[in-house]
Each structure stands twice: as C-alpha cells, then as structure tokens.
Amino acid sequence: MTDLQESPAPLAAVPQPARPRRRPGTSLTRSTVKHLILIAVSLVMIYPLLWLLVSSFRPTDVIFRTPGLWINDLVIQNYTGGWTALAQPFGHYIVNSAIVVVGAVAGNLFACSLAAYAFARCRFRFKTLWFAIMLITVMVPIHVVLVPQYILFNNLGWVNTFVPLILPKFLATDSFFIFLMVQFIRGIPRELDEAARIDGCGHGRIFLRVMIPLMGPALATTAIFTFIWTWSDFFTPLIYLTDPNAYTVPVALKQFLDATSGSNWGAMFAMSIVTLVPLFLVFLFGQRFLVKGIATTGGK
Amino acid sequence: MSAISELSALRSGGGRPRTPEEKAALRRENNRDNKAAYLFLAPWFLGLIVITIGPLLASLYLSFTRYSLLQPPEWIGVQNYLDMLGDSRLHHSLQVTLTYVVVGVPLQLAFALAVAVVLDRGMRGLPLYRSVFYLPSMLGGSVAIALLWRQMFGTDGLVNQVLGWVGIQSTTGWVSDPSYALWTIILLHVWTFGSPMVIFLAGLRQIPVMYHEAAAVDGATRWTRFRRITLPLLSPIIFFNLVLQLINAFQSFTQAFVVSGGTGGPADSTMFYSLYLYQKGFGQFQMGYAAAMAWLLVLIVGVLTAVNFLLSRFWVFYDD
C-alpha cells in the first residue's frame, strides 16, 4: 500500500540547529505569493462550473450576455422546461442510467474481487502468464473489440437493452480494477488467511469471511470509479442504445444539441447540472477513496 | 512465521528431501489451489475469451473483409488496408489525433506536476486546493462539460464575454473556426490535470524529507533540488502517467464528438481518429474498414508504448 499519510518525522520534536534558518519575512512573502497563485488558478479552473450553475437559473438570452456570477432575475423555467423537453421526462433517462450504473458497479465488485483474490493469493498454473495478459488488456483500445462485440450482441438481440453495458462488467473486463484490488490484497497480512486456513477454511470462506471485510477501501474505490465512469460514459450507450426510450443520461443530454439546434441553452444547462450533481456528490463523499485508490495503482 | 509460509518458501526452491506424506499433502494443496483459482477466475476467463480475445481475432478477420452487417462478410484481402493508404481523411484524422496527443498529454502532465510540487505537504488549505483541482477531471469526461465547452468557446460564449469584460473585443467562434477548434479540446484535456496530479502528490509524499534537507544544507537551490531529487525519484510515476495518458488520449472521443456535434468539424479540424472510426463503422456501416482502422490504432498505440518503454531506460530511475 502506498502510504498517503505524512511520513513521520522522528526528529521533529528535537531542535535542529543544523537546519538553515530562513528569514521569516521571505518565507511569509513566498507563502503568500504561492497562495495567491493557487487561488487564481483555482478560480480559473472552477469558474466555468460556477458559471454553468448560475447560468442554469438564467433565461437563455441573458446567458449569452452575462459573464459574471450574479443573478438579477432567478428563473427555474430552465429546469421545469428542460425536464420535459425531450421525448421522455428527464427522470426516465436518469432511471435508465441508474440501472446501468447499479449493474456495472455490482458486476465490477463481484467479478474483479474474485479475480483479484486468485491473482493475489492462489497458486495456479500459468499464473504469471495470465497476470501479464490481464495487465495487457488494460491497454487494449476498445475500438479493436468494438465491431465484433457489436455484431455479437446484435445477433443475440441485445441491442437497445442494457445487457451490453452491464454484462461485460460481470466478466471482469475492467482489468484496471482487478489490478487495483490485487495491489490492495497484497497489502493485507497473509497471516490472517493462514490463520483461517488452519481453522479449516477453504478459499471460498477465506475470500468471503476474511478478504471481503478487509477490502472495504478497495471495493469503495472500485464502486466510486465505476459509478463516475459509467454515469459519464457516452461511447458505449451511443453505440448500443439507438432507441430513445433506452437512452442513458449522456446520450439524452446530447439530444438537446440536435433537437433545438443549440438554441435552448438554458434548458440544456439546467439538465447538464442535473447530470453533474450525482457525480459531484459521489466525488465529494468518496474523494478520500478516489485519492487513495488512484495513488495505490499509480505508485511504484 | 507460520507453517504455511515456511512451506511455501520450501516449495519455491528448497532442496530438503520430502517424505511421501509431505509430498502428497503438497500435491493436494496445490491441486486445491489450482481448482479454486480457476473457479475464482472463471468470470474473468469467460470475459477474456468472449469479450476480449474472441472479438480481437474476429476484428482481425473482419479487417480483411467487406461487411455491412446485412450480408455476410466478403473476403477482400488487404484491400481495406490499401484503401487506408489512400484515404486522405484518415490521414488527416491521424494528424489531428497526434497533435492532440503530442501537445495535450505533455502539457497536462507538466501542469499536473507543477501544481503537485507547489502543493507542499502540510501546507494550509491543501485538501481544499486538491479537491478544487481534482474535481474537473472527475467531471471532464461527461457530455455536460463538453456541451459547456461548446457554449464557452462559441461566438457569444463565455470566453468572448470575459474577453469583452477586460476590453478585448473578440468575435472569434473558437469552436467554429478550424484553426482553433482542436485547441479548445486540448484545453479541455489540460483542464482535467487533476487525476495525474493526485498520483504525483502521492509520489511526492514518498520522497524522504531528509533528502531535500540535506541538499538544502549543502546550499542547493529549490530548482536544483527539484531537478536532482524530485524529478529522478518521481520518474517512475511520471512514466506510469505518460504511458496511461498516451493510451487514453489516442482513444478520446466524447469531447470531440459533442463539441463538433458529431461531425468532427469544422473542416474536419476535430476529426479524431476514433470519431472517424465511429463514422465509418456505425455511420456508414463499413464494419470491415472500421476493423482495419482499429487494428492500425492498436499498432500505433502498441509501437508508441513499446518505444516509451525502451526510452524509459534512459530517464526513468528506479531507486531499488
């Protein structure tokens, strides 16, 4: 496991005469300048998002005249109008997306944790080979499997259903998460499963009773990333869902461009905010796991 | 240490003679491990065959055929590949994608690294800054943000309004002008520097403070310490980010699709490779041609990744 905590400084309490003393003035100036720059960069980064939020409460013609963040006349017509602007009320697409997201999260948690346990804890023939293949599949561009996959799912009659979006997750095709969980399991002391084994547990029981409870952070990271990526995924639904009734949120949102030839920006912005809110909430409450998970896989 | 870990150490290389009972126990356990492992891996194996390797081979076959989904595939040899040689739109899309990758990826990583270095450990407000910088990369892949970008860089968009605010009158439609449209998407990519930044931050935490302190005692400036300590020790993580971002950037699709309204325009200036592939395969249903294009993509990404690994020998430093 990558240690995200501050590395303990054993000498911190002891005075360190050898350390060159900075003049406090320079240090203060430097720190102030640094914060000013960081605040400026933060504002530039975040400004479009704030502006999007504020603009979603403005009439469309005002959106195109007002770069600022103040609101003179708050309107909610964008939300009420936008909600019903498409063939189905927007809630319909949210439900579609929710089904896909729940399925994808469940699939990834189930299949990736199983595979990760095998790679991290079992000895079996050709393990190194399979592990290498697993790592390589992280890098295979989806386009190269896309056409045959489409033909396959098309022949099975699964186009315009959510199966092509969910089933692959139950088959552990997001190898990135397998790798993430393998890394995590390697950090769990082996003594724990050995103790369970001596008590007569097989791999199944060790996995369920010992590993799964300990894997909380890795499972949370997987769930959160899967949520964010599936919720935003545009490419797969674009290909498999051609019936507007089956659209997920990103494809539905894109319809605002076609339907209104880009004129109803107020409604589009309002529904954009609606689609961003779940992402934002998940980010807000899951950030800890995201940071930890991404650091685990990114480290040495 | 427990009995089992000793047993495993023994198994891996120990030359101690084993009694028949020990051997039998070992075999039994190996057998059990083997069976369990393949059970645990069953979904993954199924996925590997049905979702990955099968389609991989099928698309290789399809790339030598003409196939429109309606009639069975018709074998045409290397015709698709020959057509690709003469397809100037394809060459253009490669050029667009390469520009995006070669400019966007290093720029984003440089930005991520710079901000990560400035965000010292233990500085005031660090969690807040980190969240603010990280948030865009969590939202950046969504259609909503791409739509926002389309508005922002339009003729009456936010960018021109802000420019007007500070006294610059601009009527450039950044997304509708072929010379700028691609750059707005590159900018969107740089805007999402948060996720490599978080990886860099974690890497920076692993560099012992004493290295910097010792160098500072010897009179090294901040810049020298960054070049001589931070960069070498961080190089494996820079490499990791580079490889992954490169592979991802080659496949980017959503932003270009939404910003250009699905056309890759204006004047093909945002015709990303994957967008062109999508148009060929799912717009014109030239599945064989799309499969051939996909294999070219695999080839390009594969070669670049291999080159990346070869070059890494010269600049990536492993501190083991």
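**Salt bridges, nonpolar core and annotated spans**

Over all chains of this predicted model, the count of salt bridges comes to five. One of them joins the side chains of A:Arg121 and A:Asp193, with a nitrogen-to-oxygen distance of 2.6 Å. This pair links distant parts of the chain, since A:Arg121 belongs to helix α4 (residues 90-121) of chain A and A:Asp193 to helix α9 (residues 190-198) of chain A, 72 residues apart. A:Arg121 is buried, at a relative accessible area of 6%, and A:Asp193 is likewise buried, at 8%.

A further salt bridge is formed between the side chains of A:Asp174 and A:Lys169, at 3.1 Å from N to O; here A:Asp174 is partly exposed, with a relative accessible area of 21%, whereas A:Lys169 counts as buried at 16%. The side chains of A:Arg65 and A:Asp61 also meet in a salt bridge, at 3.5 Å from N to O, in which A:Arg65 is exposed at 56% relative accessibility and A:Asp61 is partly exposed at 48%.

The largest nonpolar core comprises 189 residues, of which A:Phe90, A:Phe119, A:Ile178, B:Trp44, B:Leu119 and B:Met197 touch the most other members. Helix α14 (residues 265-298) of chain A gives the most to this core, with 15 residues. Beyond its neighbours within four places in sequence, A:Phe119 is in contact with residues of both chains, including A:Trp130, A:Ile178, B:Leu41 and B:Trp44.

For chain B, the unreviewed UniProt entry places the feature "transmembrane region" at several spans, among them residues 131-149 and 180-204. Residues 131-149 of chain B are 84% helix and 0% strand, with end C-alpha atoms 21 Å apart, while residues 180-204 of chain B are 88% helix and 0% strand, with end C-alpha atoms 36 Å apart.

How values were computed. Residues numbered from 1 in each chain as written. Chains lettered and ligands numbered in written order. Predicted model: local features only at pLDDT ≥ 70, side-chain atom pairs only at ≥ 80, totals over all residues. Heavy atoms only, no water. UniProt positions renumbered as here; feature names shortened; annotations may be inferred. Helix = DSSP H or I, 4+ residues; strand = E, 2+ residues; numbered from the N terminus. Core = buried A, V, L, I, M, F, W, Y, C linked by side-chain atoms within 4.5 Å. Buried < 20%, exposed > 50% of the residue type's maximum accessible area, 1.4 Å probe, protein only. Contact = heavy atoms within 4.5 Å. Salt bridge = Lys/Arg side-chain N within 4 Å of Asp/Glu carboxyl O.
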